[in-house]
Amino acid sequence: MNAVFRKYDSTDGGYVPAEKLRRIFLEAGLSLDESELELIEVAYGHHQEIFDYRKLVELIKCHINRRNEAENEFKRRTLRPFYGKIREKFATIGEFFRFYDNNADRTIDKSEFIKINQDFDHILNTTDIVDLFNYLDPNSSGKIHCYNLNQALRQFIEADARTVRALLIVKSAHLFAYR
């Protein structure tokens with residue numbers, strides 16, 4: 001980002017003209033919608049309609065932090081209970097996936113996903129169902145692939161594995177101590 005910003009900073013003063021901002025974001029590989037660009041212009045533009053690099057980086061970091069916080073809240077609210085229900089009913093993610101893949105196309109479509117929520121005692125509200133499906137379908141194909149589901153649940157699977165390992169270590173220590 002710094003190199004792209006400097007490319008458009010004609011005075012080497014750490015500022016760029018507002019009309020170059022869109023191009024800077026594109027070249028840096030950042031995609032912002034119109035409302036986000038307007039927010040930046042209002043919040044960080046000077047009266048001369050130039051942008052300070054340091055303030056722009058602060059804004060981007062703040063935006064990323066808010067997005068990460070929102071994603072973590074979403075995971076806590078939806079993914080965690082969803083994973084918990086999977087673990088209650090199935091030994092593996094693959095077993096769960098095969099059970100709900102009714103048409104055997106190796107994916108879970110929207111109708112199959114709605115059935116899952118019904119079987120899971122409606123743990124998710126309508127909005128969360130849609131959001132979770134979209135999260136698990138990152139390429140918007142209308143289908144969830146087992147790989148994407150595993151990736152989304154990975155942090156919970158790994159936490160379970162660490163817990164099991166710790167329990168086995170404790171159990172082994174107790175067995176050894178009583179010999």
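Predicted model: local features only at pLDDT ≥ 70, side-chain atom pairs only at ≥ 80, totals over all residues.
Is Ser140 buried or exposed? Ser140 is exposed, with a relative accessible area of 64%, where exposed means over 50% relative accessible area, buried means under 20%, and partly exposed covers what lies in between, as judged with a 1.4 Å probe and the protein chains only. Residues are numbered from 1 along each chain as its sequence is written, and side-chain values use heavy atoms, with hydrogens and water left out.

Let us begin with the chain as a whole. The chain contains 8 helices and 4 strands, which are DSSP runs numbered from the N terminus, a helix being a run of H or I with at least four residues and a strand a run of E with at least two. Followed along the sequence, these elements come in the order α-β-α-α-β-α-α-β-α-α-β-α. The chain has 179 residues, of which 30% count as buried. It exposes about 12,000 Å², and carbon and sulfur atoms supply 53% of that area; such accessible areas come from the Shrake-Rupley method with a 1.4 Å probe, and for residues only the protein chains shown count as cover. Among the contacts in the chain with a separation of 6 or more, 54% are between residues 24 or more positions apart, a contact being a case of heavy atoms within 4.5 Å.

We can now turn to the helices. Two packed helices are described by the angle between their axes and the distance between the axes. Helix α4 (residues 53-89) and helix α5 (residues 93-100) have axes that come within 9 Å and cross at roughly 90°, where the axes are lines fitted to C-alpha atoms, for helices over the stretch in contact, and the angles run from 0 to 180 degrees between N-to-C directions. Sorted by class, the contact has 5 nonpolar, no polar and 2 charged residues, with Ala, Val, Leu, Ile, Met, Phe, Trp, Tyr, Cys and Pro counted as nonpolar, Asp, Glu, Lys and Arg as charged, and the others, Gly among them, as polar.

Within α5 itself, Ile93, Gly94, Phe96, Phe97 and Tyr100 are buried. Seen down the axis of α5, these buried residues fall within an arc of 160°, so they line one face of the helix; the arc is that of the directions from the helix axis to the C-beta atoms. On the other side of α5, Arg98 and Phe99 are exposed.

Helix α4 also meets helix α7 (residues 126-136), and here the axes come within 11 Å and cross at roughly 100°. The two helices, α4 and α7, are therefore roughly perpendicular to each other. Glu71, Phe74, Lys75, Arg77, Thr78, Leu79 and Phe82 in α4 meet Asp128, Asp131, Leu132, Tyr135 and Leu136 in α7, and by class this contact has 6 nonpolar, 1 polar and 5 charged residues. Leaving aside neighbours within four places in sequence, Lys75 is in contact with Arg80, Tyr135, Gln155 and Phe156.

Helix α6 (residues 110-119) holds Ile116, and it also holds Phe113. Ile116 counts as buried at 0% relative accessibility, and Phe113 counts as buried at 3%. Not counting residues up to four places away in sequence, Ile116 touches Phe82, Phe96, Tyr100 and Ile108, while Phe113, on the same terms, touches Phe82, Ile108, Ile129, Leu132, Phe133, Leu136 and Ile144. Although Ile116 and Ile86 are 30 residues apart along the chain, their C-alpha atoms are separated by 9.6 Å.

Finally, consider two loop residues. His122 lies in the loop between α6 and α7, is exposed with a relative accessible area of 54%, and has a phi near 55°, a positive value in a residue other than glycine. Ser140, with which we began, lies in the loop between α7 and β4 (143-145), and its phi is positive, at about 55°, although Ser140 is not a glycine.

Technical notes. Parallel < 35°, antiparallel > 145°, perpendicular 65-115°, else oblique.
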